[in-house]
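This briefing sets out computed features of one structure for a reader who has the sequence and model at hand.

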Amino acid sequence: MSRRAIPSSTSSTSLKLTKRSLTTVSTTISTTSFDSNNNTASISTSPSSPYQIATYSLRRLSSVASTVATTDTPSSTIPSSDDIDYMSLPHDSPEVTALVDHHAHKPQTSASLQTLMKTGRGEFLQKLKHTHGGGYASVESLDKDNESEATPLVLLQVASFLRRELPIRLAHRIQDLSRVPLLQDMSSVQQVKELYTTSFLEILSVSKHPPSRDKQEEWENKFAKILENVYERHSSVLVQMARGAFELRAAIRNGALVGSGDDDGCEGEGQKTLSDKEIQIGRDAVEFELMESTHAFLDRFYISRIGIRVLIGQYLSLRQPPVENYVGIICSKTSPYEIVKRAIDDAAFMCTRKYGDAPEVIITGRLDM
């Protein structure tokens, strides 16, 4: 299995390497919050380990049927049994809506690359031991000679965290996909929403933690297979969302999204017939109004998708045979210079193939790191 180091940051317009930026390779995969009133997004980080929350959830989270923190969704509509067949629930049913609302009201947990690497090495297992009184396994049995190899207890700890965290992240995205103005009506975006809902219910179909100590491995293997399905299922999301954006742009240009003279958008007697000039003004108004909010939504969506795929990819990679200098998908001896140089070579090759020449790129800063 090929593994590539994860760059600390990317930019579509420029990439400037300085001494300070090179020394902060461990970028935080953060929780992104959005202020719908101001159309602004912010990223928050947490100094505490997300796996503390994961182990805490093994004791405290006993049922999906917790009271929903909203008056719009009655808690009685939330399925109350871990044995329920989540995959049989219709995506537009009140039960699924209640489940999505319930998980979307929970905050996402930040996880830095450093935290993921330390967890893969088993450095947080002591917290698991203290939390459970040593009931799950012996921490002293860790193989200190091979820090790249994840033990069954490490895999159990990571899986427990993901079982709690992924439904929350997916629920936030499902709600976003349901609320983004006009883009939500595009067929490709609706397909993505259905895909996310399927993954959301599939993860919930696994119990929150192993039913007993002797079934830990069976539980973890079952959960890993589900995440493999989720990872593969979401591989087409980038293309589908891009198609949805093209559908929206085409609808705006064709005037399909220009409203009628009625404020409620309903047809009726006295409906105003728009002139060509008014239609063009309407198109311009829609484009201007949508630009910032739609771009903010796409930024949130893609950042969240990166975080979800890194979390799943790290866990699945930990289950593979260890590779020297790697902890999961994270390389412990990453050279930012080499990563940037490879990116420049790839871009230069494509540029030369298309235009016959490529501009010279000069990298400055600490090149020996």
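A contact here means heavy atoms within 4.5 Å. By that criterion, residues 24 or more positions apart account for 75% of the contacts in the protein chain with a separation of 6 or more. The model is predicted, and its protein chain has eleven helices and six strands.

**Chain as a whole**

- The protein chain contains 369 residues, of which 39% are buried.
- Its accessible surface amounts to about 20800 Å², and carbon and sulfur atoms contribute 50% of that area.

**Helix α7**

- Helix α7 covers residues 187-204, that is, 18 residues.
- From the first C-alpha of α7 to the last, the helix reaches 26 Å, close to the 26 Å expected at 1.5 Å a residue.
- The buried residues of α7 include Val189, Val192, Leu195, Tyr196, Phe200, Leu201, Ile203 and Leu204.

**Aromatic pairs**

- A pair of aromatic rings is described by the distance of the centres and the angle of the planes.
- Across the whole structure, a search finds five aromatic pairs.
- One of them joins Tyr196 and Phe301 in a tilted arrangement, at 5.5 Å centre to centre and with 45° between the planes.
- This pair links distant parts of the chain, since Tyr196 lies in helix α7 and Phe301 in helix α10 (residues 276-318), 105 residues apart.
- Both partners are buried: Tyr196 has a relative accessibility of 1%, and Phe301 has a relative accessibility of 0%.
- Trp219 and Phe223 form a stacked pair, with 5.8 Å centre to centre and 5° between the planes.
- Trp219 and Phe223 are separated by about one helical turn because they are four residues apart in helix α8 (residues 216-233).
- Trp219 counts as buried at 5% relative accessibility, and Phe223 is buried with a relative accessible area of 0%.
- Ring pairs also connect Tyr196, Phe297, Phe301 and Tyr302 into a cluster.

**Charge over a ring**

- The charged end of Arg309 sits over the ring of Tyr231, at 3.8 Å from the ring centre.

**Cysteines**

- A search of the whole structure finds zero disulfides.
- Cys331 is buried, with a relative accessible area of 15%, whereas Cys351 is partly exposed at 22%.
- The two cysteines fall into separate classes because buried requires a relative accessible area under 20%, and the values are 15% for Cys331 and 22% for Cys351.

- Leu182 has a phi near 65°, a positive value in a residue other than glycine.
- Leu182 is located in the loop between α6 (152-179) and α7, where Leu182 counts as partly exposed at 26% relative accessibility.
- Asn325 likewise has a positive phi, near 70°, and is a residue other than glycine.
- The position of Asn325 is in the loop between α10 and β5 (326-327), and Asn325 is partly exposed with a relative accessible area of 28%.

Technical notes:
Residues numbered from 1 in each chain as written. Predicted model: local features only at pLDDT ≥ 70, side-chain atom pairs only at ≥ 80, totals over all residues. Heavy atoms only, no water. Disulfide = S-S within 2.5 Å. Buried < 20%, exposed > 50% of the residue type's maximum accessible area, 1.4 Å probe, protein only. Helix = DSSP H or I, 4+ residues; strand = E, 2+ residues; numbered from the N terminus. Expected span 1.5 Å × (residues − 1). Phe/Tyr/Trp six-rings, centres within 6.5 Å; stacked < 30°, edge-to-face > 60°. Lys NZ or Arg CZ within 6 Å of the ring centre and 35° of its normal. Areas by Shrake-Rupley, 256 points an atom, 1.4 Å probe, with all protein chains shown as cover.
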